[in-house]
Amino acid sequence: MSATGIEQLPEWLRAGLEPGGAGEHRLAVDAGQFAAAVDELRAAQARFITLFTAQTPRPALSAVFALQGELLLLQAPLEAGGVPGLGELADRWPAIAWAERELLEREPHSGGEHPLTGQRLTAPDPDLIEHEVAGLDVFAIPYGPVRSGVFEAIQFLIETGGEDVMRVHTRPFFKHRGMEARFAGLAPDVGVHVAERVAGIASVAYACAFSHAVERALGVEPPRQAQRWRAIHCELERMACHLDVIAKEAETTALYVGQARFQILKESVQRLRVRLSGSRFGRGVVVPGGVRGEAGLSTGELINAIDAIERELQRDRRLFLKTSSMTDRLIGTGRLERRLVERHCAVGPLARGSGLSTDARHERPYDDYRRLGLRVVTMREGDAMARINVRFGELFESLRLIRQLAGHLGRGARDLSVPLPKRGSGTACGWAEAPQGELLFWVELHEGLVHRVHIASPSLRNWALFDHAFPRDVLTDFVFIEHSFGLTPAGADR
Amino acid sequence: MLEWIYRGLGKRRITTRYPRVPEPAPEGFHGRIDVVSGEPVPPALAELCPTGAIAVDNAGSVSLDRGRCILCGECVRALPQVFAFASVYESAAGSRQALLTGPGADQASAEPGRGALADQAAMLRRSIHVRHIDCGSDGAEEWEITALWNPYYDIQRLGFFLTNSPRHADVLLVTGPVTDPMRAPLERTWEVMPQPKALVAVGTDACGGGLHDWGGVDRILPVDVYVPGSPPAPIAIMHGLLLAAGILTAGQVMA
């Protein structure tokens, strides 16, 4: 693998490079150098992923970055005095804001004194509303956590003068369930059940990212056949999520036949997943070391089902795109400039809609994506329409990949999993491209059991950008923009 | 727009006729886990379950709590002669006790459901307004509730309508085990709903906590119908709603 990105870094930073596994480099620095190292990485155009504290092999403030196809784990020892500069990292780089706030809230000892330390992230402060209003004739509407319709709990504080949206403050964490702590003490093959229930609509991606981390920590490679099945389940999950977003956009325009058509397609995907896994959400398939069970469906039946979905989808997409009452609401709505998306290190269809070609399946391919020749779909416009068009493009790409994978299922050995070493220890990052964007797990294993898990969800990272998605938009655009983001509070809150 | 209408009309009927006609779950669907053997088992068996849903009493009788069971299948893989996945949708029950199954479960003390809505709402049976509140689900339950209004399930044909105001709601669907920040919004939503009203806990997390030890919705508000599942399928939720409205009764076999 090329290390051009790492070679750009200054000598003092490269001196801390530890030998790591393929695609994951560890950089050790002194606590006093942590903030300077973050600055250097930003200058080298790295993409910030997450900030957390690791406990193994010793307590360390850790930050993960993507740098030209490589993953970089920056670590500084956590000492009694805390890490200088922690609490002000977000001032240097806005992408770090949520991760830093969360860290200071959950583990105040690591940061020393900082005004945010005492703020209750997980129990939003009702007094906040009065303090946020911008001026005379401007009022704030708190929208949520109880939503209209069937939506997950999250709150948006919308500042408006009546029609124009002036500012939006996203307030997640109403659903914080302590999922990361729930992994502690579980064997990896039991921990995967917890991973599947962090964000239910992306169960397969979460199970994959967790399993990848465990496999990398223990030096295990799942069999080819298992890697193919994982990719098939990941693509079906992506299709269900994208169809859900498109159906919701149609519902918001009161395009009811369109809504029904995309709901029917989504339901056919869910029913296909039952035949493949017994679960409408593909649960119980992915397990560290491979996959469980063979599908109750022949390759021919799978390909026929995929062909039928594709035929219907082609017609429905054509109709959707030529219905001007639909596209008028999306074109130019919630425009995100490429530079803003880069600065906030956003991921997934949202980033690809603003011209960034970031996709974990392509940047650091895993499982069978290493052999598939993925076409990354991007649009330049950056508006809600571009984000929907990226999803349409990815739906057809998923269908193509599943067909290709299904064709390979019969080849070679049919083993579905390899055993994990008993009482194995280690630490590693694992990742997957969830339908919402790049998802990363940090996993620490002690003698065969999960000791600690940290999850960098695409939803939390992308939501930081939601506050900026209303440059010229009005209140009635709100729901279109929210759906075009396609995020899940369960993943963000954990 | 005309093309959409032709597109909509050009398809055969796909809507289920449930509950008038039974809707069997597809073969291999992991609807719930049943205890299939009455044989005594060793007490250490309870350790199999990562969420503590399995209990074994002194006589070796096993019971499974569907209010904690997340359908992970650890028990099915370890002891297929005792536990088995069942391709069944209808698992909803009128009391927490009735979610316990197996020879060790004390079914005798299971109370009949509160039936608050069913008793008083005979005249409402053709128009029941449903409100949903998320109290910490994993997001999958919301998908399955939304699916009730898609053309496959079309619950409006049975007179169930989604409402955006708790003031108009007859039934409250609650998902998730109720996190601290959602407790007050949940209580307030329930308080402003007019009588008679029913509360349906949707999903194992809402029924008994599931993965989480702190319990389900019934530690805060009285629950009329429990719909276990991780997540429950749309027909399972429909079954729960029909129980809440008194259109079906628990254990009734559809013919």
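Trainee: How many residues of domain 1 of chain B are in contact with domain 2 of chain B?

Mentor: In this predicted model, 17 residues of domain 1 of chain B are in contact with 21 residues of domain 2 of chain B.

Trainee: And where does the domain assignment put those two in chain B?

Mentor: Domain 1 runs over 32-101 and domain 2 over 116-244. Their C-alpha centres lie 25 Å apart.

Trainee: OK, switching to the two chains. How many residues does each give to the contact?

Mentor: Chain A puts in 44 residues and chain B puts in 45.

Trainee: Which elements of chain B supply at least two residues each to that?

Mentor: On the side of chain B that touches chain A, you get α1 (2-9), β6 (128-134), α4 (140-147) and α5 (180-192). The largest share comes from α4(B), with six residues.

Trainee: How do the residues on that side of chain B divide by class?

Mentor: There are 23 nonpolar residues, 15 polar and seven charged.

Trainee: Now confidence. What pLDDT does chain A average?

Mentor: Chain A averages 85, and 91% of the residues score at least 70.

Trainee: Where in chain A is the pLDDT below 50?

Mentor: Residues 111-119 of chain A are one such stretch, and beyond near neighbours in sequence that stretch has 14 contacts in the model. Residues 126-130 of chain A also fall below 50, with three contacts counted that way.

Conventions:
Residues are numbered from 1 along each chain as its sequence is written. Chains are lettered from A and ligands numbered from 1 in the order in which they are written. This is a predicted model: local features need pLDDT of at least 70, side-chain atom pairs count only at pLDDT 80 or more; totals for chains, interfaces and linings use all residues. Two residues are in contact if their C-beta atoms, placed from the backbone, lie within 7 Å. Helices (H or I, at least four residues) and strands (E, at least two) are DSSP runs, numbered from the N terminus. Ala, Val, Leu, Ile, Met, Phe, Trp, Tyr, Cys and Pro count as nonpolar, Asp, Glu, Lys and Arg as charged, and the others, Gly among them, as polar. pLDDT is the predictor's confidence in each residue, from 0 to 100. Domain bounds come from an automatic or database domain assignment.
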